[in-house]
Every structure is written in C-alpha cells, then in structure tokens.
Amino acid sequence: MTDTPAPKATKSVFIKTYGCQMNVYDSERMKDVLAPIGYAPTDAAEGADLVVLNTCHIREKATEKVYSELGQIKKLKEAQGGKMTIAVAGCVAQAEGAEIMRRQPAVDLVLGPQAYHKLPEMIARVHRSTGERLETEFDTQEKFDALPKARSVDGPVAYLSVQEGCDKFCTFCVVPYTRGAEISRSVDEIMVEARSLASQGVREVQLLGQNVNAYHGAGPAIEGGGEWTLGQLVRHVAKIGGFDRIRYTTSHPRDMDDDLIAAHADTPELMPFLHLPVQSGSNRILQAMNRGHTREHYLDIMRRVKEARPDIGLASDFIVGFPGESDKDFEDTMDLVREVGYCIAYSFKYSERPGTPAAEMFGQVPEDVKNERLQALQALLREQQTAFNASKVGQTVPVLVTGKGRNAGQMHGRSPWLQAVHFDGAEDLSGQIIDIEIVGSSLNSLSGKLPQMADGVPA
Ligand code: SAH
Ligand code: SF4
Ligand code: F3S
C-alpha cells in the first residue's frame, strides 16, 4: 500500500544495508519512495538498474567495508556497459560527502540519512546529467514529512522510527555528527504509520531511535497535547496500535525514567527485554566517555527493571580499550557483567573515529591488549548467553512465527526474549503466535516442538 497506486515496475533496485536498525528502517522507506517511480526491489546487485549502499560509519571497519564493496559494484557497472546508477546513503555518506565520489568515481550520488525523500529527484538529475549529486542537509522533520505515510511490509515484524539523532556526544561516537540533533516525531504521525503496519498483518513492532527513551514528541491534541514520554507512547501503541508485541531500542541509561520502568510491569504487550548499553563498568572511563551516568546508577536501573519484570532479558553494548582504560577499569567491566547477567550483549574494540574527542585523547590502548580484553569479555558473555538460553529448556514459550526454517518442514520464529526458535511445523503458521515447548538450546538459538506433537498426538 502506498499513497498513490505504484506504477508497473520497470526498473530494479538493490539496497544493501549496513549498521543499526535505523538503517534497516531507512532502507525500507527508500523502497517506499522508489516504488512510485517504477523501481522494484531485487536481491542482487548484478543486473540492477540502481544500487544503493546504506552505510554505517560507527567503526573504522564498517567504513572500509563500504569502499571495498564499491570496488566490486563498479566492476558490475562496467560489465553492464555503465547502465547502473550507484548511490551511497547513510552515515558514511553524511560524514564523507563528496569525498566518496572522489575516491570512487563510479558513484553517481551521495545522500545523507535526512535526504531519502529526495532520492527520485536526485536519480532524475543523474539521468539528465545536470545538477547537484550530493545531499547532506540536516532536516529530519522534512524527511519524515515527505516520506510516504503508508508503509509496505514484509512479514509480521516491523521497525518504526519514532526518534532520530543524538545530542549526547559520547566522546567515542560519530552518531551526533552523522544523524544530527535529536528530534522526536509526533504521536499522531507515528500512529498513522503504526496503523498502516498493523493493517498489513504486523504483529510485533519495534520503536526505534538512537536514543529512543529520550523520546519527547508532541502528544495528540485529543489527549491534551503536551510532550509525551516513551512510556506514554508505548502504552498508547499498546492500547490502540493493534500489535501483540512491542519493543523499543536503543535506550540510554540517563533517560530511563520511572514511568518507562513501570510500563515493563503493567503493559503486557511490552516484551520482557531491555537493551540498555553501558559501554564500561568503570566510573573513570564512563566519565571520560561523557556518558553522564555512573556504574551505580546503571546497576540501580537494572535492579529496578528486574523488580518490575522478573523474567526480563537484559542486553547491552560494551567498548573495550577506550583511551586510558587500565586493567583495573577492564576488571570493573567484567565485574559489572557478572553482577547484571546478560541474555545477549554486543562488544567492540574501541575504534578511533576522526573528529571525535576520544580520538585525540592520550593513552590509546595497544591492539593486542584490546584483543585480549575483547576475548575475555566475549567468553564471559557467551557463557551468560548460553546459560540464559538453556534456562528456557522445558518451558513452553509463545513464539511469533516469522517464516520457514533452514531445513525442510522446519519453521522459524522469535521468543519474547528475541531468541531464534526452530521447530517442525506447517508453513501456514507464519505470522501466528503459538506456544512452543522448548526442548533444546545452543549459544544462538532454541529448538522446540508444537505441544501436541510432544504428546505424540499429531497436530
Ligand atoms: N545510541 C546507542 C548506541 C549507538 S552506536 C547508545 O547510546 O548506546 C552502537 C554501539 O556501537 C555503541 O553502543 C557502542 O558500543 C559502539 N560504538 C560506538 N562508537 C564506537 C567506537 N568508536 N568504537 C567502538 N565501538 C563503538
Ligand atoms: Fe553515540 Fe552516545 Fe549518542 Fe549513543 S548516546 S548515539 S553512543 S553519542
Ligand atoms: Fe552506523 Fe549510523 Fe547506525 S553510524 S550504527 S548506521 S546511526
């Protein structure tokens, strides 16, 4: 469903997405913008009329990947006699701008995360060979205003951006520079998109933002207006959105208010899962990172969240080897991990980002020390993840079936704690939430059975 009926597709677009869920959301929206001008998505760059790389700038490796991928795509373009438009979108586009076209002249256009609604106009300029081929203006509200109101969906799970940008300026991070100042969409605007998703069969919605719990969008006039918090938004989406499951990501400890914690206790649609990145367990390092919270504050939030929702799964992000991190600081991180107990966590070696304050700091940590620390931390996190998954064996858990599994006759779905679950079952279960008896677990997934089959009675 789009605002106006899409014309018959005459061209193909391949979009490759790197980085966070915000980029996954943006790639979906780019498809919505391109459909009315005749572009249908395809799953290979080869033969495509338009190739879009939606890029991530968060770590050096992420950026380098983009240039090596562009080298490959350039060869495909040459093999097609130049009949391919190459666009670079996302955070590398925002950070490096015209430099990308200098480094890789096969690139036709570069557009930052706030310019996706201008994609059709930019493609037209490329085809006419006139006009600007770089768009890196910051106007997040204009982007949301100009994108089609309705969404096309693919399966029972969808992302919905409610907030974008960041004003926190952690000293290691590029996001405030690539995504711009923090803005929240209005509740009314979010609900239009939410209803479009629900009417197309979406059962689980994930509210997105770089700092999603800093949400402070305009409340609906009919409810008295004012600025709403994320807790209010979550309850509203639960009440009238038509979804069975709601999640939100990514949060910041500084914005974790009492009402949002209470929503975990009183809103059954809100899934028992919280991704709250802490980055480090050392107060000294947290301060140098400009995180604006202490270890104690974070641990207190985790304690209160567990009290509100005892079965909650906790997740986090960590950086090891931040400038000046000593063995003792790293031990504080290990100790915090032992104290919290995570169901999943993402950990990274500190990566120097040009233009950020941490890149200029003294005490950059040698690569071999970063490697050692990362290995130790990841071993501990793997242990916790394996134990968390194993704790579900023997339980019956509601699984949202998302599609076919890897093997014949197998289906795939996700648990309330975002675990992948495989079980033998029929394809028509797709999109349903069904009780599955968990019979096995590993580091990355659970295996289960339909309960009827567990008793030997055919389903
Ligand atoms: N807004 C989120 C994080 C967005 S970036 C938050 O505040 O938590 C996702 C993750 O990438 C961060 O949580 C951090 O762990 C990691 N990251 C960001 N910049 C990094 C850098 N320079 N080096 C290594 N990891 C980094
Ligand atoms: Fe980056 Fe910090 Fe903002 Fe998260 S809160 S996006 S880590 S600056
Ligand atoms: Fe990467 Fe930009 Fe997201 S830098 S993590 S794609 S906000």
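**Notebook: helix pairs, a ligand shell and a glycine**

I started with H8 and H9, whose axes come within 11 Å and cross at roughly 35°. Axes here are lines fitted to C-alpha atoms, for helices over the stretch in contact, with angles running from 0 to 180 degrees between N-to-C directions. Helices (H or I, at least four residues) and strands (E, at least two) are DSSP runs, numbered from the N terminus.

Before going on, I noted that this is a predicted model, where local features need pLDDT of at least 70, side-chain atom pairs count only at pLDDT 80 or more, and totals for chains, interfaces and linings use all residues. Residues are numbered from 1 along each chain as its sequence is written, chains are lettered from A and ligands numbered from 1 in the order in which they are written, and side-chain values use heavy atoms, with hydrogens and water left out.

**H8 and H9**

I looked up who touches whom: Val187, Ile190, Met191 and Arg195 in H8 meet Leu233, His236, Val237 and Ile240 in H9 (contact means heavy atoms within 4.5 Å). By class I get 6 nonpolar, 1 polar and 1 charged residues in this contact. The classes: Ala, Val, Leu, Ile, Met, Phe, Trp, Tyr, Cys and Pro are nonpolar, Asp, Glu, Lys and Arg are charged, and the others, Gly among them, are polar.

Which residues of H9 are buried? I find Leu230, Gly231, Leu233, Val234, His236, Val237 and Ala238, in a helix that spans residues 230-240. Buried means under 20% relative accessible area, exposed over 50%, partly exposed in between (1.4 Å probe, protein chains only). Their cover includes H8, strands E10 and E11, and H10. Just after H9, Gly242 takes a positive phi of about 85°.

**H10 and H12**

Next I checked H10 (258-266) against H12 (295-308): they pack at about 30°, axes 8 Å apart. That makes H10 roughly parallel to H12 (angles under 35 degrees count as roughly parallel, over 145 as roughly antiparallel, 65 to 115 as roughly perpendicular and the rest as oblique). Asp258, Ile261, His264 and Ala265 in H10 meet Ile301, Arg304, Val305 and Ala308 in H12.

**Ligand 2**

I listed the residues around ligand 2 (a heavy atom within 4 Å); among them are Cys166, Cys170, Cys173, His252 and Arg291. The shell has 7 nonpolar, 2 polar and 2 charged residues.

**Gly97**

Gly97 sits in the loop between H3 and H4. Buried or exposed? Gly97 is buried, at 9% relative accessible area. Leaving aside neighbours within four places in sequence, I see Gly97 in contact with Val92, Val110 and Leu134.
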